[in-house]
Amino acid sequence: MVQTNPVSIWKRMSPGCIRWRFILPALIVTMVTLLLAPEALAITMHPNYMDGGGPLYKTAVAPNLTLRVHRVGNVWFSITNYGKLGSEGRDLYDPLTNEPAPACEFPAGTNLEYLFQGCIWIGAVVEGDEPGELDTLVSIGDDGWWSDILELNPEPPPDGNILMLSTRGETSPPYAPNFGSLNEITDRSFEAISEQDFICVMTDTIMVGVTPDPNDSRPHRPLNMKIVQKSYSWSYEYAEDFVLIDFEIENVGLQALENVWIALYIDADVAHTSEDGYGAEEGAQDDICGFLQYFYPEGVPEEATEDTVKTEIFTAWIADNDAQPDGGSFIYSSARGLSGCRVVQAPSPGSSPEDEGIQYGFNWWISNVNSQLDWGPQWVSNYNIWHQFPGGGRGTPGGDRAKYQVMSNGEFDYDQIWCNLDIWEDLDTAWMPNTASDPADLANGYDTRYLYSFGEFESIPPGQVLPLTIAYICGDKLHQDPANYGANLQNGTDDSTSIATYYNNLNFRDFATNAQWAEWVYDNPGRDSCWDADLEAWILDGVFGQADTTGWTYDLPDSTPVLFWYKGDGCPDFKGPPPPNSPKLNFIVEKGIVKLIWQSINTETGEENTGSEDAIDSFNGKMDFEGYSVYRSYDALNWALMGRYDKVDWLPVKWDDTIDPAQWVVNRDKEYPMNRDEIEEAYPGSDPDDWDSDINAVNWQAYDHNLGFADVLDSTGVENGKDVNYYSFEVTGLSKSKGIYFAITAFDFGDPLTELGSLESAQSINASLVYPISKHDPIMVYPNPYKITDTEHFTEFGYEDPQGLGHDEQDRRIMFSNFPDEYRAIIRIWSLGGDLIRTVTYNPDESIGSPPGIIYWDLVSRNGQAVVSGMYLYSIEFISIGSQENRESEIGKFVIIK
């Protein structure tokens, strides 16, 4: 478990770059010529990179500047301890392998790159040098154009090192411990979150050796921040195509940081490493970028409505314009995918749950040697602030103030492929016309970079930490048709119909799925980590086959309609698939006997797939239920297992001669457990009860205990067209004067594909306190007397502060137990003087008690006042629900001692 520093951390809620180019000296002459011809073909490398002419140089990297590569997943991704992502066209080396580091290679091992370099920018308004003066500062990992502006740096070794951890431990690759610490954070240790964690610390307070931004004409001015950066990657199928990056941005200065904005600068250069980086329609010269606020599984509609099926993912993306087909076909070097980034979680910018939440911005532009050829979309209102950016024309923001203005401008630029249309000038929010030398050349692909920004965080006081988690995501097979680009976009950038045809022929499904899973791994859907009812963090958003506007669907073989949790609760989990749902638990109670009753699916509410046996794993889309466990406890903390029941199923055992020595291997091919019928269908004639020594045979090993459900299965039936199993478990010899907790959990068979073990639901989900008394006995009232001096004891049993949130006067409880199921009841509480204090009603169909048959009074009068010490009377009037005879009323008394 991660231990935090003793500083306040913002509550998490639900919703630059050194351009190393190996260019021949002869190209320099061409560039000089082009500088004299502004209307000529644009060249997108700044002359600062040439060090006054000649071949590009590799800057001397200080010993404390370190790079590491995530390699456990399907994305090989470089991370640094100085605010950069990527490896600058593999010009940086991986010190663990001494080989050129892949920047963002996807799929792993293909030499297809989807990132040149990314950087984090953090901007804020601070007090200036003079009293009452304000200054706008932006601290950056790099600039992306003025390449040597490195304002985030680690401490000198060893404190600046990157810590590597792994949940796999030191005996398996990547061979890293489960626990570790960073020397400069002496009061903090870290536990591995993923299969490969990289953890480091950087600050913007180091002044020595930091190159000033040439557009600011002043030395670097820090915001006084310390950033703890933690990046995580997994090999599991559902998480292998992205890396999560978790930031803790701490104000270590003496003044508050106001109006904070954060941005990710991304320059991707999507290409195979064999491509010429500056060849026509190759390398960096043919990228397209855009923003997916929504993904439409059924295709982009001509006119979206509230009922249009879509998923909200808020993800920026960049891709090659055509994937470089060869001979009309995609080949090994075709970059058919795309990469992008999104915020998976950030703190609320405002101070209350009612605030609107995160604001996003998306700006893209091209940078040019001749800044007059720089260009990017801008609202007229934003353009009028600067007209020309310092050093960057109408595209590249140079200097702190221009960077901050772009970060905070509230602009959502249209996707790059639309930039050659004239319609933008005529919109209500008018866009500046495209003044690039060749707008069509930008629209059909160029050396493009984008800024994905979010905020505004009103203030970070000294000592406070702002937490933020982003994901860098890849997706496969965006390009489906090798002829799509040539037929539609290449020469059709001024035709909205051609552009729309090109766009609709792209397939964002894999990318959008990965973007959604990045959020789900960060914050598991339906996982109650720190529920806050005031924030309404649980969001129910979809039905399979008929999802609403923010729904998400799986392609299930049987097309079963499924109701599922789409969002988490706003608190980080960094975990994978959840266990099955716990069953709804009911009881039949007699003297000294408790009979637990439950069923396989949820028929009470009619909600699909909310039971235990029909629950669908939100990550793999399977109904992976395996069995139940029955527990009891006297304190709801220490549980004793009373019974465990599971499906009768088996895993295949096959001979494996690819290992030495050759041997029988359980589930060699990572199949799911099978019952007898499934075995006969998949392996006709194979008998799970017999062992065949023939190495070509398939043998079987029982999965779990194979006990079956015969001992707890009472009957089967059909409700609303669904098969239902009815179960019971009877416990005898209990004392009727002592309450006892019971719970039933559900567990799954794990996920063989990801080597994920069985997951079991928690006992606390349906834990219920039961008193073993007959329903025909009088109503029981407890605790009686209620003594305020017994607060600690009462808290333990739920008579005070049942939610564990701290004592409140309304959190006291006197329980009325043993109400029959056939009657509603009216409980009236009286003073000895005959004054009516409070009326409480009980309805078995709407009971909020746990279990049914229990209701409580909170010791508050009908006027909202806490009652005083004394003796109280109660009367209970029973009202028959059906044809039962009337039951006589009951009266009694209890004592409250405060």
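The following questions and answers go through a predicted model of one protein.

Biologist: What average pLDDT does the protein have?
Modeller: This is a predicted model, in which local features need pLDDT of at least 70 and side-chain atom pairs count only at pLDDT 80 or more, while totals for chains, interfaces and linings use all residues. Residues are numbered from 1 along each chain as its sequence is written, and side-chain values use heavy atoms, with hydrogens and water left out. pLDDT is the predictor's confidence in each residue, from 0 to 100. At least 70 is scored by 79% of the residues, and the protein's average is 80.

Biologist: How many contacts beyond four places in sequence does the model have for residues 1-63?
Modeller: Contact means heavy atoms within 4.5 Å. Over residues 1-63 pLDDT stays under 50, and the number of such contacts is 168.

Biologist: Is helix α3 largely enclosed or exposed?
Modeller: Helices (H or I, at least four residues) and strands (E, at least two) are DSSP runs, numbered from the N terminus. Buried means under 20% relative accessible area, exposed over 50%, and partly exposed in between, with a 1.4 Å probe and protein chains only. The buried residues of α3, including Tyr 404 and Met 407, pack against several elements, among them β9 (117-127) and α2 (380-386). Seven of the eight residues of α3 (residues 400-407) are buried, so the helix is largely enclosed.

Biologist: Which residue forms a salt bridge with Arg 218?
Modeller: A salt bridge is a side-chain nitrogen of Lys or Arg within 4 Å of a carboxyl oxygen of Asp or Glu. The closest N and O atoms of the Arg 218 pair are 3.0 Å apart, and the partner is Asp 135. The two lie 83 residues apart, Arg 218 in the loop between β14 (196-203) and β15 (225-233) and its partner in strand β10. Both are buried, and the partner of Arg 218 is Asp 135.

Biologist: Which strands does the salt bridge of Lys 230 and Glu 248 tie together?
Modeller: The closest N and O atoms of Lys 230 and Glu 248 are 2.5 Å apart.

Biologist: Is Asp 669 buried or partly exposed?
Modeller: Asp 669 meets Lys 654 in a salt bridge of 2.7 Å, N to O. Lys 654, at 10% relative accessibility, counts as buried. With a relative accessible area of 37%, Asp 669 is partly exposed.
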